[in-house]
Amino acid sequence: MGRGWRGRGGWQQADLPSADDAAAWFAGRLPDGWFTGAPEVVVDREEITVIGTLPALEGEFDDASRAAAESGRISRWREQTREERIEIARQAEHRYGRKVAWGAVQGGTRELFTHLAVPVMTRLRQPERQVLDTLVAAGVARSRADALAWAVRLVGEHADSWLGELREAMSKVDDLREQGPDLT
């Protein structure tokens, strides 16, 4: 490997095993019948999140009843698969050096469980703090931390294509780093 870096992100992630094959590993490891297709697998430095789609509900429901039924089905799936999910997570945590979180989707209901809330240190100047304080004062968020999380989610929702292009460009930079000379 060139320059002593492993994986995306340079030195910040140098100690983490690569999780480039995580989606394939989970697709092969998960029991048949859990989900209607391959699960969505999202990886960051701290966590791997596995979200699968459950089979559709049968029967007639109005909108409120359908949401309740979907939530109930997700809850039942969570309880029925708990022991096996724990074992799979243990194996994946050993392999990838990250915690594993789970979630399920059924119809219009999406629920995540066992996922991390990771503290992130940041320094903000007064104008940025005032934005957060305005969100708190307006009741949009309970705290500065919640306001910051809300702002990050909002940016993520409205910048998906740009963030995708940025991730693709970062991947190309990582590939070029790997091809460079080893300076160690």
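The following legends describe close-up views of a predicted model.

**View 1**
Four strands form an open sheet in the order β1-β2-β3-β4, and their pairing is mixed. Strands β1 (40-43) and β4 (109-113) lie at the edges, each pairing on one side only. From one strand to the next, the twist averages 15°. Strands of a sheet pair through backbone hydrogen bonds, either parallel or antiparallel.

**View 1. The pairing of β1 with β2.**
Strand β1 runs antiparallel to β2 (residues 47-53), and 4 bridges join the two. Within this pairing, Val 43 is placed opposite Ile 48 of β2.

**View 2. The hairpin of β3 and β4.**
Strands β3 and β4 are paired in the antiparallel sense, with 5 bridges between them. Val 105 has Arg 110 of β4 as its bridge partner. The hairpin leaves 2 residues between the strands, and Gly 107 adopts a positive phi near 60°.

**View 3. Helices packed on the sheet.**
Helix α1 (residues 22-29) packs on the sheet and touches β1, β2 and β3 (99-106). The direction of α1 makes about 140° with that of β1. Helix α2 (residues 63-96) lies across β2, β3 and β4 and runs at about 155° to β3.

Arg 85 belongs to helix α2. This residue is buried but has no salt bridge. Its nearest side chain of opposite charge is that of Glu 79, at 6.5 Å; because a salt bridge requires the nitrogen to be within 4 Å of a carboxyl oxygen, Glu 79 does not qualify as a partner. Leaving aside residues up to four places away in sequence, Arg 85 touches Trp 34, Trp 77, Arg 78, Trp 102 and Phe 113.

**View 4. The salt bridge between Arg 95 and Asp 21.**
The model contains 9 salt bridges, one of which joins the side chains of Arg 95 and Asp 21 at 2.7 Å, N to O. Arg 95 lies in helix α2 and Asp 21 in the segment before α1, so the pair ties together parts that are 74 residues apart in sequence. Arg 95 has a relative accessible area of 39% and is therefore partly exposed. Asp 21 is likewise classed as partly exposed, at 32% relative accessibility.

Glu 87 forms a salt bridge with Arg 90, in which the closest N and O atoms are 3.1 Å apart. Both residues belong to helix α2 and are 3 residues apart, so about one helical turn separates them. Glu 87 is partly exposed, with 33% relative accessibility. A further salt bridge links Glu 93 to Lys 99, with 3.8 Å between the closest N and O atoms. Lys 99 is partly exposed, at a relative accessible area of 46%, and Glu 93 is also partly exposed, at 25%.

**View 5. The packing of helices α3 and α4.**
Two packed helices are described by the angle between their axes and the distance between the axes. Helix α3 (residues 126-137) packs against helix α4 (residues 144-158) at an angle of about 100°, and their axes are 9 Å apart. Helix α3 is therefore roughly perpendicular to α4. On the α3 side, the contact is made by Arg 129, Leu 132, Asp 133, Leu 135 and Val 136. Helix α4 contributes Arg 144, Ala 147, Leu 148 and Trp 150.

Note on methods. Residues are numbered from 1 along each chain as its sequence is written. This is a predicted model: local features need pLDDT of at least 70, side-chain atom pairs count only at pLDDT 80 or more; totals for chains, interfaces and linings use all residues. Side-chain values use heavy atoms; hydrogens and water are left out. Two strands pair if DSSP finds at least two bridges between them. Axes are lines fitted to C-alpha atoms, for helices over the stretch in contact, and angles run from 0 to 180 degrees between N-to-C directions. Contact means heavy atoms within 4.5 Å. Buried means under 20% relative accessible area, exposed over 50%, partly exposed in between (1.4 Å probe, protein chains only). Lys and Arg count as positive and Asp and Glu as negative; His and the chain ends are not counted. Angles under 35 degrees count as roughly parallel, over 145 as roughly antiparallel, 65 to 115 as roughly perpendicular and the rest as oblique.
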